[in-house]
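Here is a short report on one protein structure. Look at the sequence and the 3D view, then read on.

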Amino acid sequence: MDQWNILGSRWWKFDFHTHTPKSDDYGRGNGSLKGISPETWLQNAMESGLDCVVISDHNSGDWIDELKSANSTLHDSDKKPEWYRDLTIFPGVEITIADSSRRVHLLAVFDPACDRNKVSGVLGACGITSRFGDDKSIATTTSFGDTIKIIIQEGGLPIPAHIDGKKGLLEGISTLSPETKNSIDAVSAAEFCNLNAYDKADASLRKKVDKLAKLAGSDAHTPDEIGRYFSWVKMSSPTLEGLRLALQDYEFCVYNGSESPEQLPGTYLMSLMIRNMKYCGRVSGKPFHISFHPHFNALIGGRGTGKSTIIESIRIASRQDRNLAVESPRIKDELDKFMKTSHKEGVMLNDTEIILEIHRRGKKYRLFWRFTGQGNVLEEEISGLWKTVDPGDIVERFPLSIFSQKQINELASNSRGLLEIIDRSQRVNRSEWDAKWEQEKSRFLQLSERKRELSRQLAGEKNLRIRLKDVEHDLKQYEVHGHGEILKKYQKYSQQKNSLPDDHIFNYLSSGIRDLASAAEFSDFPTHLFDENDEATEEIRLIHEQASKALQSISTALGNLAEDVDVLKAKRAENMSSSRWYHAGQDSISAYESLVREYEEKNSRISLSLYGEWVQQRNQLQQQLNRLDSVREDDTSTGIQIEESLTRLQSLRGELLERRRNFLNEVIGSNPYVRMELIQYGDLSSLEEEYRDLLYLESGKFESSVFDRDNQQGLLWPLKNWEDLGKPDTSLPQLISEIKITTLNIANRVSTANHGAFANRLEKVLETQPAVFDQLKAWWPEDLLRVRYSKDTSSGKFEDLEKGSAGQKAAAILAFLLSYGDEPLIIDQPEDDLDNALIYDLIVSQIKENKKRRQLVIVTHNPNIVVNGDSELVHVLKYDRGQVQIDLQGGLEETGVRESICNIMEGGQEAFDKRYARIRTERYNDVRNNS
């Protein structure tokens, strides 16, 4: 990675063995290469992507200063060539040692601050004072072991060159002799031609070689060979001390592969800034700011230096406090106090602000949290500018796992809290499952409500049939005695007669025509207005008279037409009076009038309209009953759908159980510290509370019917006493089903048991809030998470976690929390309650595995966690002038960081040395006394 602006350790591409034209055999037969410039040599090194390179000419350091000078010039240039990249040059030399009867090559590597004089001094101390660059005719006068001592005394790092190749320390050696053992023990690393050269060697030799850091070098004798072989080394800065420490922890700090192991997690915290908190971020003009490494961050400092303040601030800014109420109620209470201004434990001020910067999938975000709640926003860096964006669900978008030791202890006795953590995992994805569950439950409740409405409609069927029977009886009485027929004929004739046009149309038409006829005439010619001697007067008079005569003809015709209408009227009346229809109608009128007189004599009433109402009622009642047939089909279908929906709800619970079990199998598997088992519906810790809440039953009432522990009775007693009764896990669904059925039977008054007031209450709830019992049908207790731990991991035996000590409980929960996930994991003092063996075996080993895939931020007082966990970035905190401040940040190879670790965690160098010496002495005496 060319650009790395993150504090702490990183991986550096390192070629441990390169030559320059100063070596006599440079060019491998191509003499022209002896004349290349330092710039050309550097270009080849840089183009190969190296970060560090060891200059290791044969018995010479003469080209070191030339390369360092050229490299410095390139670095300081304002116009760097395209191929330029930062390159650290480690001065070194490949020393030829005349060891016994053979010649062995040994690399000596020195700090980048050294120059050729350091190499020359070491060579002189080893007896090489001339013929620099020659490896054939010159060699040390010192032995292999003595040469190593000289290198170390001069601050250098000895590394056997091509240990398994020609002129290598182990060339031709297949067994471990005392001399070979001493030589290997004198070094911590070696350059290998074949990294697997000794995988099948003699066991003792293989074991000894495996303790070495295996390094790769190109042994480049031409420019294009530089970087041909290389290793990746992890350290915060390219120094010899950093390299030395990395080689000591080679298992995690040395990597031999073609691709960089520097794989950043998908999500990691970049920085945290706190402004105006009571004890943090109030230094004038300087808010508290801490930058994080993408991998393992260790926060150290004395008591009261603000380590937990940082953790809780991260929790608050990332909104991770919302799950605490279920997972860790006591921690939630403590956090609530922490977030107050008035409480003595509170640290907030009205203008407190927390900003958490997060890198997520290649993008940068800033989460803002303010005590006032105003301006709590999410910003995203877009084209170099910060812009406010829709936050969505921050907890889901930016998942973090944050645990304090108190939380871990609380989780050990809170299986539901652990289950909440399991459910948040991507494998279980409880939120996605919840959506399916709520959708199906909503459908079940809607179907149940519809079923009740359909049942209410069907419940009126009996009354409808009674009413229909009564109406049909009344109609039958009319129809049996012919009354109905008389009424029908009378009604029919009346309707027909009333539907035919009456004489009004004829009267209206004839009178209208006669009115038109009387209006069809002109008034007299106005003679007095015209001159009789004028020829025009005679002409207009003639026109007037002609029109007047025509109108008279029309009036006469209209009068004749009116008489035709009168004739038509009379003819129609005559024809109707003589028709069969008229006579039949007159008969129906006579029969009806006779029927009326008959009923009047009986003091009863007969009405054609009443008969019609009865007929209409019968039709309506029949239609309603016909519709009920459809309702009945719908009712049956809805009942089937309800059962299917209930089955799907149970199936969904089974799916959730399977997701959880698959997750535990994947995560826990054969974990030597902890086992976890799920029992469906087995968490009965809040059974009574849930049951009462569902049915609106006050706490403490109806104990004999609900749950009476003293008298071992009540509906819930068989379920609460399930384990004591020795019943299998598979009996739980049946027991729960029986409780639901019995409860409904009591409410419906079909239970044989006498429940008195309890039955009255349930009956009232069923009557006024029947949907409550739908909720009961869709309710099942939560699954039970059983946690077991191992006292002795070698025994393979596990016991219930409840029986364990505080340390054993903490170890079991930690083993689980460190076993899965790729989101940032933040833990506050995980070592509390644990002995040092567990800290190393459990926490340190898990830290090394975790930081390969996720970011870790761990507050600790234990040096094993920091040092053996190989923290990429150590944050040393201090409390100064009433404020939390950062004293120091850096990687483990930095002197100041190591001194802080020793002073804070070991009580200082003197205390550490005395304790270590005492342990070593006591161990030696024990061994001597037992021998």
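## The salt bridge of K22 and D62

K22 counts as partly exposed, because its relative accessibility is 26%. Buried means under 20% relative accessible area, exposed means over 50%, and partly exposed lies in between (1.4 Å probe, protein chains only). The side chain of K22 meets that of D62 in a salt bridge, at 3.2 Å from N to O. A salt bridge is a side-chain nitrogen of Lys or Arg within 4 Å of a carboxyl oxygen of Asp or Glu. D62 lies in the loop between strand 2 (52-55) and helix 2 (64-76), and K22 in the loop between strand 1 (10-18) and helix 1 (38-47), so the pair ties together parts that are 40 residues apart in sequence. Helices (H or I, at least four residues) and strands (E, at least two) are DSSP runs, numbered from the N terminus. D62 has 15% relative accessibility, so D62 counts as buried.

This is a predicted model, in which local features need pLDDT of at least 70 and side-chain atom pairs count only at pLDDT 80 or more, while totals for chains, interfaces and linings use all residues. Residues are numbered from 1 along each chain as its sequence is written, and side-chain values use heavy atoms, with hydrogens and water left out.

How many salt bridges does a search of the whole structure find? The search finds 60. One of them joins R330 and E410, whose side chains meet at 3.7 Å, N to O. This pair links distant parts of the chain: R330 sits in helix 11 (residues 329-338) and E410 in helix 13 (residues 405-412), 80 residues apart. Are the two partners buried or exposed? R330 counts as exposed, because its relative accessibility is 54%. E410 counts as buried, because its value is 7%.

K214 and D210 also meet through their side chains in a salt bridge, at 3.8 Å from N to O. K214 is at 17% relative accessibility and so counts as buried. D210 has a relative accessible area of 36%, so D210 is partly exposed. Salt bridges can also join up into a network: D423, R430, D434, R653, R660, E782 and D783 are linked in this way.

## Aromatic rings

Now turn to the rings. Rings of Phe, Tyr and Trp (its six-membered ring) pair if their centres lie within 6.5 Å; planes under 30 degrees apart count as stacked, over 60 as edge-to-face and the rest as tilted. By this rule there are 16 aromatic pairs. Why is the pair of Y365 and F398 edge-to-face? The ring centres of Y365 and F398 are 5.1 Å apart and the planes stand at 65°, so the pair is edge-to-face. The pair links distant parts of the chain, 33 residues apart: Y365 is in strand 14 (residues 363-370), and F398 is in the loop between helix 12 (394-397) and strand 17 (401-404).

Y365 counts as buried, because its relative accessibility is 3%. F398 counts as buried too, because its value is 0%. Elsewhere, W433, W437, Y681 and W780 form one aromatic cluster.

## Surface patches

Patches are made of residues with over 30% relative accessible area and no salt bridge: like charges are joined within 9 Å, and nonpolar side chains (Val, Leu, Ile, Met, Phe, Trp, Tyr) within 5 Å. Accessible areas come from the Shrake-Rupley method with a 1.4 Å probe; for residues, only the protein chains shown count as cover. L529, F530, I540 and I543 make a nonpolar surface patch of about 360 Å². I540 is found in helix 19. I540 has 35% relative accessibility, so I540 counts as partly exposed.

Which residues gather in a patch of negative charge on the surface? They are D531, E532, D534 and E535. Lys and Arg count as positive and Asp and Glu as negative; His and the chain ends are not counted. The place of a charge is taken as NZ of Lys, CZ of Arg, CG of Asp or CD of Glu. D534 is found in the loop between helix 18 (504-519) and helix 19 (535-577). D534 is partly exposed, because its relative accessible area is 38%.

## Positive phi

Most residues other than glycine have a negative phi. K167 has a positive phi, near 60°. K167 lies in the loop between strand 5 (157-160) and helix 5 (178-185). R319 is not a glycine, yet its phi is positive at about 65°. R319 sits in the loop between helix 9 (307-317) and helix 10 (324-327).
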